Amino acid sequence: MFQEECENNISYLPSVDEYSVDCGMEFHHYNSEAAEDYYSSFDDDPVKLGTWNVFHPGIGKSQFKDYSLVAEIMNRWDIVTAVELLPLIGADSRHNESVISYLRETPRKINDLKKELNATNPSTKAYEKLKAELKEAQDGLKKAKGLYRSPGYLKILKELRKIDPSWALILSPRGEGSDGSWINELVGFYYRGRKVKPIENEHCEAFQSTLTASDAYACFPDITGKFLYRNYEGLFSRRPFMGSFKSGEFDFTLIGSHIIHNSPDDSDLMKTLLNKTFGVDHYDDLGEGVDSGNYARFAEIKMTFEIIKNLKRKYKEQDVIYTGDFNVEADEPLLKKMMSEYEGMKVLVRSETSLSNQRFDSSGEGNGYSNNYDHFFVDSNKLGECKMGSLFTSRRVDFYKGFINDLMQKYLIRDIDGVSHLKTLYPMSDSGKKKMNREVTRFKNYLDSQLTIKRNKIVPVYTDSATRVDAFRRRVFESQLDDDFFYGVYKEILSDHAPIEITCSTEEDDD
C-alpha cells in the first residue's frame with residue numbers, strides 16, 4: 001500500500017517532478033541523485049546531525065504546523081533523523097483516491113463527449129449542452145492535476161529544498177504501529193546532499209534480497225535468528241530503521257526509532273517479550289521504575305542494543321548512532337543496568353525535550369519542558385569524531401531561546417513584561433493583535449482556496465470555514481494568553497518535542 005503512495009507521489013505531485021525518486025522495497029528515496037549532483041568530498045567542515053520527533057505532520061492534530069519554520073530549523077543540520085512521520089491517512093487519503101479516479105476517468109469522458117459532439121447537429125440545444133459539458137470536463141481536468149495532496153514528509157522536504165535544493169530524504173518503506181493502532185509511523189533520514197551522501201550498509205546488502213551493493217543504503221535490520229541469537233519477529237511495535245552515510249572522511253550508521261509508549265496488556269505477549277529480552281516472565285522482576293505501562297519500552301531498547309552489538313561484531317562499521325524518541329528517561333535504573341551490559345554504551349542528552357504547556361507550576365517555577373525522552377545512544381569508546389576532548393558535542397536545541405524563538409516571533413502575541421507568575425492571564429500586545437489578524441486572514445484564504453472532488457465534480461472543501469478558522473485563532477493565538485497553555489503554540493506550529501543535535505568532525509574516521 002505504501003509502495004503505491006510513493007508511485008502516486010511521482011505521478012501526481014508537481015514538486016516531485018523536480019527530482020528523481022526511487023520507490024524501493026527496503027526504502028524510498030526522494031531526490032535520490034542529490035549527492036551525485038551536489039556532494040563535495042573536499043568540504044572538511046564538521047557535519048551536524050539532528051534528531052527530531054516532528055509530531056505527526058499531515059494529520060488533523062497538526063493541521064496548523066508551519067512547514068517553512070520546521071524546514072528553517074532542520075536546515076541547521078546536515079542530516080536529520082525524523083520520527084513520527086506518517087503516510088497519508090483519513091480524509092487526505094480518501095481525497096487523493098478521488099483525485100486519481102477523476103484524473104483517470106475524465107480523459108475517457110472527454111473523448112466520449114467529443115465523439116458525441118461531432119455526431120450532433122450544431123444548431124440544436126443538445127449540441128450546446130454537450131459543448132458546455134465538454135468545456136467543464138476539460139477545465140476540471142486542468143484543475144484536478146493540482147489537487148493531489150502531499151504527505152507531511154514531502155511537505156517538509158519541499159520547504160527544505162527551497163532553502164537548499166540538495167536536501168533529500170531516505171524513508172522507511174512502510175508504516176508500522178502497535179496492534180490495533182490506526183496510526184502507522186515512518187522513520188526518515190533527511191540529508192543535505194552537498195554535505196552528506198548515502199553509502200552501502202553491509203547488513204542491508206547481506207540480509208535484504210531486493211538490495212544490491214550499489215543501493216544498499218538503508219533497511220529495517222533483520223530481527224530473526226538468522227542474524228540474532230533470538231528471533232524478535234512480532235515483538236517490536238515499530239521496528240528501528242537504519243541507514244549509512246558519509247561526510248568527508250567520517251562514515252557512520254544511524255538507527256532511528258520511536259519506542260512504544262503504551263505497553264501491550266496481552267499477558268501472553270508480555271511474557272514472550274520479557275522472556276526473550278530479559279529472561280523473566282513478569283515486569284515485577286525487572287526492578288525499580290518498571291510497570292505495566294512501560295515494560296515494553298525497555299524491551300524494545302534492549303532488542304535494539306542486541307542488533308547494534310551484532311552489527312558491530314559482524315561488520316566493519318563501528319560508528320553506530322542509535323537515536324530517536326525513546327519514551328524513557330536517561331536516569332531510569334533499568335536503562336542504566338541495560339547499558340552496563342553492552343561495552344561502551346552511553347546515553348547522550350539528559351535535558352528535558354518533551355514540551356509542557358504551562359509556564360509556571362504550583363511552586364512558581366517551570367521551563368516549558370517535561371520529560372527527557374529524546375537521546376543518542378553511542379559507544380563511548382568510538383565516535384571520537386563527535387567529541388571535543390573526552391566529551392561528546394551533543395545537546396538539546398532550546399525552543400524558547402535563540403534562533404527558534406526568533407523564528408516563532410511571527411506567532412507570539414502576548415505581552416509578558418511585568419506579569420507576575422501569580423497571574424494566570426496575559427494581555428495581548430498591540431503588535432500581537434496585528435500578527436494574529438494577519439495569520440488568521442492568511443489561514444482563511446488558504447481554506448477557501450481548497451478544492452476536492454465529490455460525485456465527480458470539483459467543489460470547495462469547506463463551504464463554511466468559520467469553525468476551522470476559529471480553532472486556529474484559539475489554539476495558536478488566544479491560548480498564549482492563558483498560563484496553563486503558555487507553550488502550547490510551539491506544539492501547534494512546530495512539534496511537542498524539542499530537537500537534539502550532535503556535531504562530528506569530517507577530517508578523520510576512527511573505524
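Leaving aside neighbours within four places in sequence, which residues is Leu494 in contact with? In this predicted model, Leu494 touches Trp52, Val54, Lys65, Leu69, Val70, Ile73, Phe399, Ile404 and Met408.

Leu494 belongs to the largest nonpolar core, a set of 78 residues. Within that core, the residues with the most contacts are Tyr30, Tyr153, Tyr190, Phe399, Tyr490 and Leu494. Helix H4, residues 90-118, supplies the largest share of this core, with seven residues.

Two pairs of packed helices come next. Such a pair is described by the angle between the two axes and the distance between them. Helix H8 (residues 267-278) packs on helix H9 (residues 295-314) with the axes 10 Å apart and an angle of about 40°. Because of that angle, H8 is oblique to H9. The crossing of H8 and H9 is left-handed. On the H8 side, Met270, Leu273, Leu274, Thr277 and Phe278 make the contact, and on the H9 side Tyr295, Ala296, Phe298, Ala299, Lys302 and Met303 do. By class, the residues of the contact between H8 and H9 are nine nonpolar, one polar and one charged.

The second pair is helix H12 (residues 430-449) and helix H13 (residues 466-477), whose axes come within 10 Å and cross at roughly 145°. H12 and H13 cross in a right-handed sense. From H12, the residues Lys435, Met436, Glu439, Val440, Arg442, Phe443, Lys444 and Leu447 take part; they meet Arg468, Val469, Phe472, Arg473 and Phe477 of H13. The contact of H12 with H13 holds seven nonpolar and six charged residues, and no polar ones.

Asn31 sits in the loop between strand S2 (28-30) and helix H2 (34-38). Although Asn31 is not a glycine, its phi is positive, at about 60°. Is Asn31 buried or exposed? With a relative accessible area of 4%, Asn31 is buried, because buried means under 20%.

His56 is placed in the loop between strand S3 (47-53) and helix H3 (67-74). The phi of His56 is near 45°, again a positive value in a residue other than glycine. The relative accessibility of His56 is 5%, so His56 counts as buried.

Terms used
Residues are numbered from 1 along each chain as its sequence is written. This is a predicted model: local features need pLDDT of at least 70, side-chain atom pairs count only at pLDDT 80 or more; totals for chains, interfaces and linings use all residues. Side-chain values use heavy atoms; hydrogens and water are left out. Axes are lines fitted to C-alpha atoms, for helices over the stretch in contact, and angles run from 0 to 180 degrees between N-to-C directions. Helices (H or I, at least four residues) and strands (E, at least two) are DSSP runs, numbered from the N terminus. A crossing is left-handed if the near helix is turned anticlockwise from the far one by less than a right angle, and right-handed if clockwise. Contact means heavy atoms within 4.5 Å. Ala, Val, Leu, Ile, Met, Phe, Trp, Tyr, Cys and Pro count as nonpolar, Asp, Glu, Lys and Arg as charged, and the others, Gly among them, as polar. Angles under 35 degrees count as roughly parallel, over 145 as roughly antiparallel, 65 to 115 as roughly perpendicular and the rest as oblique. A nonpolar core is a set of buried Ala, Val, Leu, Ile, Met, Phe, Trp, Tyr and Cys residues joined through side-chain atoms within 4.5 Å. Buried means under 20% relative accessible area, exposed over 50%, partly exposed in between (1.4 Å probe, protein chains only).
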